[in-house]
Amino acid sequence: MTAISEDTTQRLSGQIPAPEGSVTITVKILRFNPEVDTEAHWESYDVPALPTDRVLNVLMSIKNYVDGTLSFRRSCAHGICGSDAMQINGINRLACKVLVKDLLAKDGKQTTVTIAPIKGLPTMKDLYVDMEPFFEAYRAVKPYLIAYGNEPTRERIQSQADRERFDDTTKCILCAACTSSCPVYWNDGSYFGPAAIVNAHRFIFDSRDEGSEERLDILNDAEGVWRCRTTFNCTDACPRGIQVTKAIQEVKRALLFKRV
Ligand code: SF4
Ligand code: FES
């Protein structure tokens, strides 16, 4: 275990600096420490934050100044890596993309923001979930270019129209916001989930790929694409604006009409 440096110990004084123009918000976090807790419980923190701060900044303030044990994933802080999906006021969002000003109470009362881990994946600690079941489903759909025959001697040419067919699904950052907002996934963890289907779509409709049939066979399974009930939660949750439900419908159509 890494020792806490003297500097870090000093920072855990409980005093979060309040910059000029900051407002104090109450942040309720669903905490769970498997070493001491039998179940998750809410803990509240009053945090001074600037309206332009992101929720990720707020979490970092709590971690740096109040409780260094608060656990959550983050990396890029710019909506690129997909690490920090969590439920913010009950909706799956990336903490680095949500501004405090968009959460402030309109009536001037003190704002309370609730933060909980995404659903459907086992919580390991606080906001930190086990992503392995999610990535297992992702790997199962073969999310890579499959090409048989001899290696080409030149690049594989593709028209703009052909590229357009899967443009939307190339934007996925594997944050799991869609899959963990899906009621079917909550109730039946063996469903592949929207993100796996999005990433299958990205290759199924790629004119250079020769593995579409294999992937469609995989998604024709009892736990595959037919489990989708078209609730649109996934599309609403996607921080990249991907039309997730549309992608799932296109995969269903490809299966029904045996045509990509
Ligand atoms: S489709 Fe959107 S919500 Fe789902 S994993 Fe990809 S980026 Fe995240
Ligand atoms: S920290 Fe990378 S997407 Fe939020």
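**Two helices crossing**

Select helix 3 and helix 6 together: helix 3 passes helix 6 in a right-handed crossing. Keep in mind as you click around that this is a predicted model. Helix 3 covers residues 132-140, and helix 6 covers 194-204.

Now look along the pair. Two packed helices are described by the angle between their axes and the distance between the axes. For helix 3 and helix 6, the angle is about 25° and the axes are 8 Å apart. Angles under 35 degrees count as roughly parallel, and therefore helix 3 and helix 6 are roughly parallel to each other.

Next, show the side chains where they touch. From helix 3, pick Phe 134, Ala 137, Tyr 138 and Ala 140; from helix 6, the partners are Ala 195, Ala 196 and Asn 199. Sorted by class, this contact of helix 3 with helix 6 has 6 nonpolar residues, 1 polar residue and no charged ones.

**Both faces of helix 3**

Which residues of helix 3 are buried? Select Phe 134, Ala 137 and Tyr 138. They sit on the same side of helix 3, because they cover an arc of only 100° around the axis. The general rule behind such patterns: an α-helix has 3.6 residues a turn, so residues three or four places apart point the same way. Helix 6 is among the things that cover the buried residues of helix 3.

Then step past the end of helix 3 to Lys 142, which has a positive phi, near 60°.

**On to helix 9**

To see the contact, colour Pro 194, Ile 197, Val 198, Ala 200, His 201 and Ile 204 in helix 6, then Val 244, Ala 247, Ile 248, Glu 250, Val 251 and Ala 254 in helix 9. By class, the contact of helix 6 with helix 9 has 10 nonpolar residues, 1 polar and 1 charged.

**Two loop stops**

Time for some backbone angles. Most residues other than glycine have a negative phi. Go to Ala 77, in the loop between helix 2 (55-66) and strand 3 (85-88). Phi of Ala 77 is positive, near 65°. Is Ala 77 buried or partly exposed? Ala 77 counts as partly exposed, because 17 other C-beta atoms lie within 10 Å, and a residue needs 20 or more to be buried.

Jump to Asp 126, in the loop between strand 6 (123-125) and strand 7 (128-129). Asp 126 also has a positive phi, near 50°. Asp 126 has 24 C-beta neighbours inside 10 Å, so it counts as buried.

**Zoom out**

Finally, show the whole protein. You can look for 9 helices and 7 strands, in a C-alpha trace that spans about 65 × 45 × 40 Å along its principal axes. Of the 260 residues, 35% count as buried. Among the contacts with a separation of 6 or more, 69% are between residues 24 or more positions apart.

Methods. Residues are numbered from 1 along each chain as its sequence is written. Chains are lettered from A and ligands numbered from 1 in the order in which they are written. This is a predicted model: local features need pLDDT of at least 70, side-chain atom pairs count only at pLDDT 80 or more; totals for chains, interfaces and linings use all residues. A residue is buried if 20 or more other C-beta atoms lie within 10 Å of its own, exposed if 12 or fewer, and partly exposed in between; C-beta atoms are placed from the backbone. Helices (H or I, at least four residues) and strands (E, at least two) are DSSP runs, numbered from the N terminus. The arc is that of the directions from the helix axis to the C-beta atoms. Two residues are in contact if their C-beta atoms, placed from the backbone, lie within 7 Å. Axes are lines fitted to C-alpha atoms, for helices over the stretch in contact, and angles run from 0 to 180 degrees between N-to-C directions. Angles under 35 degrees count as roughly parallel, over 145 as roughly antiparallel, 65 to 115 as roughly perpendicular and the rest as oblique. A crossing is left-handed if the near helix is turned anticlockwise from the far one by less than a right angle, and right-handed if clockwise. Ala, Val, Leu, Ile, Met, Phe, Trp, Tyr, Cys and Pro count as nonpolar, Asp, Glu, Lys and Arg as charged, and the others, Gly among them, as polar.
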